[in-house]
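Please open the model in your viewer and keep the sequence panel beside it. The tour below moves from one selection to the next and says what is found at each stop.

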Amino acid sequence: MESLEGKRVLVTGGSRGIGLGIVEALVERRARVTVVARDVSRLDELKRRLDVATVAADVTERLVATTTLLAVRPDVLILNAGTSPHMASIDEISWEEFGKTWNHDVKSALFWIQEALRLPLAPGSRVVLSSSGAAVAGSPMSGGHAGAKRMVWLMAGYANGVAAERKLGIRFQTIIPQQILGDTAHGRAAAEAYARKKGVTVEAFLSNFGKPLTPRDVGEHVVTILTDPRHETGLAFGLKGEGGLRSLD
């Protein structure tokens, strides 16, 4: 995709945080964006400000994936919706808290991947899944979050295998921010938990990552992945404030 102008792009979890940064970058390129999220007030504000289409729904419901993909038929599907993990050490976390990311992020990714393959999306379509640096380095204060985000990464590879076997022409890819984004609600909560554990301020903890990575930075990297032919076939891309975008394949 040399240009995103006029392309139909569907973004789950696009009303705030990383998802919002991605939506803003896509709108700037004149893509026709549809945002799926649960917060109606945020969606209404987003529709007024950026003139995007919106769907208020729970992405963990399979029927939502089925009906929305049928209605939109996106050229690009960005599966960014995620829940904030419960922050606690391994000896203090309940099973329900430990599995929170599995029951939201992995479940929703599975349903949307399955429906993209079953519909299927048109040849040449791209599906970008949002993972986490925790999938690379672990995250001892967030229960099953790291394993869940690694599973999302693996699922993209599995989906590529199915798409290739069926000659569907759909490419699944994963973005992996490799530092905590301190200006998102999820990132701030994680930074606060790790800062308390280390006995430092949140700002001192975040400074360990060097240059901050912002949601809009992530959006710009997603645009690059979608439009730069060098990234057309890659599976996993690490994102950092310093160093930017790099392949993790």
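**Starting inside the sheet**

Select Ile78 and then Val128 in strand 5, which is the bridge partner of Ile78. Before going further, note that this is a predicted model, in which local features need pLDDT of at least 70 and side-chain atom pairs count only at pLDDT 80 or more, while totals for chains, interfaces and linings use all residues. Residues are numbered from 1 along each chain as its sequence is written, and side-chain values use heavy atoms, with hydrogens and water left out.

Now extend the selection to strand 4 (residues 76-79) and strand 5 (residues 126-130), which pair in the parallel sense over four bridges; strands pair here if DSSP finds at least two bridges between them. Helices (H or I, at least four residues) and strands (E, at least two) are DSSP runs, numbered from the N terminus. Within this pairing, Val76 stands opposite Arg126 of strand 5.

On its other pairing, strand 4 is joined by four bridges to strand 1 (residues 8-12), and these two strands run parallel; here Leu10 is the residue opposite Leu77 of strand 4. Show the side chains of strand 4 next: Val76 and Ile78 on one side, and Leu77 and Leu79 on the other, are all buried, and both faces of the strand are covered. Buried means under 20% relative accessible area, exposed over 50%, and partly exposed in between, with a 1.4 Å probe and protein chains only.

**The whole sheet and its helices**

Select every strand to see an open sheet of eight strands in the order 3-2-1-4-5-6-7-8, with mixed pairing. Its edge strands, each pairing on one side only, are strand 3 (53-56) and strand 8 (244-247). Neighbouring strands of the sheet are turned against each other by 20 degrees on average, direction ignored.

Axes are lines fitted to C-alpha atoms, for helices over the stretch in contact, and angles run from 0 to 180 degrees between N-to-C directions.

Then bring in helix 5 (residues 100-118), whose axis comes within 9 Å of that of helix 7 and crosses it at roughly 10 degrees. Helix 5 is therefore roughly parallel to helix 7, a term for angles under 35 degrees. The contact (heavy atoms within 4.5 Å) includes Trp102, Val106 and Leu110 of helix 5, and Met151, Val152 and Met155 of helix 7.

**A loop residue**

Where does Phe209 lie? Phe209 is found in the loop between helix 9 (202-207) and helix 10 (215-227), and it is partly exposed, with a relative accessible area of 28%. Leaving aside neighbours within four places in sequence, Phe209 is in contact with Gln178, Gln179 and Ile180. For a distance across the model, select Asp39 as well: Phe209 and Asp39 are 31 Å apart in space, C-alpha to C-alpha, and 170 residues apart in sequence.

**Zooming out**

Finally, display the complete protein chain, which has ten helices and eight strands. Its C-alpha trace spans about 50 × 40 × 35 Å along its principal axes, and 52% of the 249 residues count as buried.

Notes: Angles under 35 degrees count as roughly parallel, over 145 as roughly antiparallel, 65 to 115 as roughly perpendicular and the rest as oblique.
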